[in-house]
Amino acid sequence: GHTISGLDIAFPAYTYEGLFGTVTGTVKNLNVVGTVSDAFTAGIVVGYLNEGVVEGCSGGGSVTGRNDLGGLVGYCLNGTIRNCYATASVTSTSEKQADGCGGLVGELHGSSGNARVFTSYAAGKVVKTGTTGLGGIAGYRYTYYSSDATSIIASYYNISTTKMGDEGNGFGVTSTEMRKQVTFANWDFDN
């Protein structure tokens, strides 16, 4: 894969921020480290994933602002996040539940399709002014047509570093457990 470091984005009037503002295709095998600040909807790699795919990517650094903020992707509409991780810290000043603040993705939104996270993890600190709409993997999950329109499958977050404990939104594990391969059930470490 490729690494981009030193990303520095601060456009408070722009809606979707990240290395890529909006993605409808595929972003694959990319590591991005940097800062996105004063954001409305943002992630280190993608601000708005619109029915696209992010695979084999990682995000480190920090994301700050309001609305939907994630360590990797800000807002995922019917998209797929697979084999990814985020160590970025995520901080939101929003008090609204629907403004998601998550370790990996701010809002996971399934409407006409499905929004899914597979075999991924988050380890960055998650902080929000409000007490709802925040989580280790996804800050907010919205399902429009059916309760299974969003899925988080075989994905984990570090409860020690994220400061989250929202079971059912990925699996919360300790720092010690994060270092053990056996923790990551259903992951393919050979291919």
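The sulfur of cysteine 57 has its closest cysteine sulfur in cysteine 84, at 5.0 Å, which is too far for a bond. A disulfide would need the two sulfur atoms within 2.5 Å. The model is a predicted one, and the separations discussed here are computed from it. For cysteine 76 the closest cysteine sulfur is again in cysteine 84, but at 11 Å, so this pair is also too far apart for a bond. By the distance rule, the count of disulfides is 0.

Cysteine 57 is buried, at a relative accessible area of 2%. Cysteine 76 is buried as well, at 0%. The table sets out the values for these two residues.

| Cysteine | Closest cysteine sulfur | Sulfur distance | Relative accessible area |
|---|---|---|---|
| Cysteine 57 | Cysteine 84 | 5.0 Å | 2% |
| Cysteine 76 | Cysteine 84 | 11 Å | 0% |

**The open sheet**

Five strands form an open sheet with parallel pairing, in the order β3-β7-β11-β16-β21. The edge positions are taken by β3 (20–23) and β21 (138–143); each has a single partner strand, so one side of each has no neighbour in the sheet. On average, neighbouring strands of the sheet are turned by 5 degrees against each other, direction ignored.

Valine 23 is placed opposite leucine 49 of β7.

**The nonpolar cores**

The largest nonpolar core has 39 residues, and the members that touch the most others are Leu72, Val73 and Ile81. At least two residues of this core come from each of β1 (2–9), β5 (30–39), β7 (46–50), β11 (73–77), β16 (105–110) and β17 (115–118). The biggest share is that of β5, which gives 4 residues. Another core, of 6 residues, lies apart from the largest one; Val173, Met178, Phe184 and Trp187 are among its members.

**Serine 37 in β5**

Is serine 37 buried or exposed? Its relative accessibility is 18%, and because the cut-off for buried is under 20%, serine 37 counts as buried. This serine lies in strand β5. With neighbours within four places in sequence left aside, serine 37 is in contact with Ile9, Ala10, Phe11, Glu17 and Thr64.

Methods:
Residues numbered from 1 in each chain as written. Predicted model: local features only at pLDDT ≥ 70, side-chain atom pairs only at ≥ 80, totals over all residues. Heavy atoms only, no water. Core = buried A, V, L, I, M, F, W, Y, C linked by side-chain atoms within 4.5 Å. Buried < 20%, exposed > 50% of the residue type's maximum accessible area, 1.4 Å probe, protein only. Pairing = 2+ DSSP bridges. Axes fitted to C-alpha atoms, helices over the stretch in contact; angles between N-to-C directions. Contact = heavy atoms within 4.5 Å.
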